[in-house]
Amino acid sequence: MPDAGFHFAAPWWLLGLPVPLLTWLWLRLTAPRREFERYRGYADRHLLPHLLGLREASPQSARQRWLAWSALWALLTVAAAGPRWDYTDMQLFRPGSDLVILLDLSRSMDVTDVSPSRLGRARQEIEDLIDENRYSRVGLIGFASVAHIISPLTEDGATLLRQLPAISTDLVQLKGSRVTEALARARQMLAGQPADSSRHLLLITDGDFEEPGYLELAAELNTAGIHLHVLGVGTAAGGPVPGPDGAPLRFPRLGTVVSRLDEAALQQLAEQGGGIYRRADFEAADTAAVLGKVAADSRAAAVADAKTRVWNERYFWLTALVMLLVLPRFRRVAAARSGT
């Protein structure tokens, strides 16, 4: 067989061409006769079709039905076998960078100073980033007081997208926001990746954390070749933090707890981490800036001389033909039922 010649992807489907259809047709065509034989003792043979609402098909009609259903079965069976010809050889590439997203899941991310909420905006940003990503394996870590790996590094962006709607602040039991815990877990995730890949972190947060040592840890990661980018979510005016019951969280002496976006702290964190800072908004410029920085450092390369052959599948032509042939039959059945 020539490399670009016609062939089937699953030729064993062709074994189903004769037997199932002939068996079905035999049962279909002989059913009226069996009904006639059962009731012959109760009425004359010429009256049975009127009493039973059945009719015996003439040899010509039976042959036409057999040919019609045989043709349809043959088309579907050949389509299932996967006819194909022509192909395109595509070079395989290994992603040249790894990007771990650190998503803040502390209670302050439920603040609604941005629409629909800070966490809702963060999910939208992650979705945009995954849709536009072309260079990196992507992983996702959610953190509050404790960091949890939601998804390991993967090239399958669709899997990450399916997980996003279920992510909420209710996933964490211990409240708070310890970014150092998340940075340490991300470093562990990147430790097993290829040494020639560039490594990046994207922290999505409102900056509502107060703990010592996170600037020093970001600088340490930068020295080790792990760049930290920051995406700030929220506004400078901020908003009340909702409690478990949805009402604003209050403390006896402090009153209503208000969370504000601390852009100065987040910009400093990005500088220490050797990355960039952007505020999250509805436009795509923020995620595009992060992806541009990641792409600039990417070391994507061809996997030796490895190529994958993508065949041009043609089964849909046969499937479309079957649909066109069957459609008039549905119209006749509908007309007969309506009495028109």
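Helices (H or I, at least four residues) and strands (E, at least two) are DSSP runs, numbered from the N terminus. This is a predicted model, in which local features need pLDDT of at least 70 and side-chain atom pairs count only at pLDDT 80 or more, while totals for chains, interfaces and linings use all residues. Residues are numbered from 1 along each chain as its sequence is written, and side-chain values use heavy atoms, with hydrogens and water left out.

**View 1. Tryptophan 12 in the loop between β1 and α1.** Tryptophan 12 lies in the loop that runs between β1 (7–8) and α1 (19–39), and this residue is exposed (over 50% relative accessible area, 1.4 Å probe, protein chains only), with a value of 58%.

View 2. Proline 116 belongs to the loop between β3 (97–104) and α4 (118–132).

**View 3. The largest nonpolar core.** A nonpolar core is a set of buried (under 20% relative accessible area) Ala, Val, Leu, Ile, Met, Phe, Trp, Tyr and Cys residues joined through side-chain atoms within 4.5 Å. Of the 29 residues in the largest such core, Val100, Leu102, Leu201 and Leu269 touch the most other members. The largest share of this core, 6 residues, comes from α6.

**View 4. The surroundings of leucine 102.** Leaving aside residues up to four places away in sequence, leucine 102 is in contact (heavy atoms within 4.5 Å) with residues including Ile141, Phe143, Ala182 and Leu201.
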